[in-house]
Amino acid sequence: MPDVFISKKPKKKSSAPTVAEPKVSLKTNGPESIVPPDPSHPDHLEDLKGHTHNPFAAFSFYPHGVSFSEQEPDEKVILLVRRHPITNIPWILLVIVMAFAPLVLSSFPLLDFLPFRFQEVAILGWYLLDLVIFIQGFLTWFFTVNIITTKRVVDVDFENLIYRKITDAEITHIEDATVQMGSVIRTLFDYGDLIIQTAAEIPEVTFDAVPHPDRIGRILSELRMKVE
Amino acid sequence: METIPLIGTSIWIIVKIFFLIALVIYLIFALVVIKQVNIMTDTLDLSFEIPVKVLAYLHFLFALGVLVIAFLIL
């Protein structure tokens with residue numbers, strides 16, 4: 001199932017593939033090929049399934065304008081994934097319910113024991129709490145990303161507004177990748193966990209609730225074969 | 001106005017102080033959010049830095065506004 005935030009680019013009709021040119025081998029190797037496209041031909045990127053310019057995309061193949069501080073000059077970002085947007089529904093519903101709660105509860109005398117000016121500040125404090133739940137939910141989702149580059153796998157965990165953790169493992173250290181999809185919702189929306197076993201200091205890198213975990217596994221597998 | 005017999009102070013003064021302390025702590029938290037967002041945008045370039053930073057600053061301004069209002073009207 002397509003990601004709800006990614007609008008599919010219309011597929012351009014390509015001319016007959018020319019095997020001799022490496023840049024065209026991108027098409028001959030299939031839409032998920034990890035062969036780096038020729039940067040001078042951005043049309044090749046547009047043809048890739050999963051390539052998008054949407055900064056909110058949960059699955060972005062060869063993402064546009066994405067980099068990280070420890071990226072090496074010759075290192076290219078192949079894939080950027082984050083949790084499936086459907087996982088945001090609980091906090092979005094909470095924010096909506098909290099936004100309307102003062103209006104709905106105005107007919108109930110919950111704050112009547114307070115003077116009117118205190119009630120006003122209490123309601124403002126309530127909306128402040130609502131705003132922070134929104135910011136926490138959005139930023140946690142937006143900044144918790146998994147990146148696959150030509151050299152390594154990077155796992156950025158923005159756990160909450162105070163705590164964050166960044167781990168990475170080189171592609172050559174990856175030993176195994178396991179896909180876990182264990183519920184009706186996950187199967188329906190095609191998202192799940194990808195657990196990557198490594199021989200590095202950090203034994204496991206987990207991509208939580210990412211869209212199309214099978215495709216990510218295939219991309220990773222192809223990349224490993226290419227690096228080896 | 002209700003007063004606390006032992007200290008002879010209005011209960012609402014005490015409540016006001018608690019409100020203000022809570023809001024000052026919240027303001028510090030809002031500053032931490034700005035700092036954290038700045039660190040994250042420096043670490044990761046996701047082509048959406050400015051709106052995220054604006055969101056963090058708006059959150060801080062809202063927290064500051066509520067603190068000022070609480071200080072003035074309570």
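How many bridges join strand 2 of chain A to strand 3 of chain B? There are 2 bridges between strand 2 (residues 67-68) of chain A and strand 3 of chain B, and the two strands run antiparallel. One such pairing places A:Ser67 against its bridge partner B:Asp45. Strands (E, at least two residues) and helices (H or I, at least four) are DSSP runs, numbered from the N terminus, and two strands pair if DSSP finds at least two bridges between them.

The model is predicted: local features need pLDDT of at least 70 and side-chain atom pairs count only at pLDDT 80 or more, whereas totals for chains, interfaces and linings use all residues. Residues are numbered from 1 along each chain as its sequence is written, and chains are lettered from A and ligands numbered from 1 in the order in which they are written.

Across the interface, 26 residues of chain B are in contact with 26 residues of chain A (C-beta atoms, placed from the backbone, within 7 Å). On the side of chain B that touches chain A, two or more residues come from each of helix 1 (11-43), strand 3 (44-45) and helix 2 (49-73). Helix 1 of chain B gives the most, with 11 residues.

Within chain A, strand 3 (residues 77-82) is mostly covered, with 6 of its 6 residues buried (20 or more other C-beta atoms within 10 Å of the residue's own, C-beta atoms being placed from the backbone). Strand 3 of chain A pairs in the antiparallel sense with strand 1 (residues 59-61) over 3 bridges, where A:Ser60 has A:Leu80 as its bridge partner. Strand 3 of chain A also pairs in the antiparallel sense with strand 4 (residues 145-149) of chain A, over 5 bridges; here A:Val81 stands opposite A:Asn146.

Notes:
Two residues are in contact if their C-beta atoms, placed from the backbone, lie within 7 Å. A residue is buried if 20 or more other C-beta atoms lie within 10 Å of its own, exposed if 12 or fewer, and partly exposed in between; C-beta atoms are placed from the backbone.
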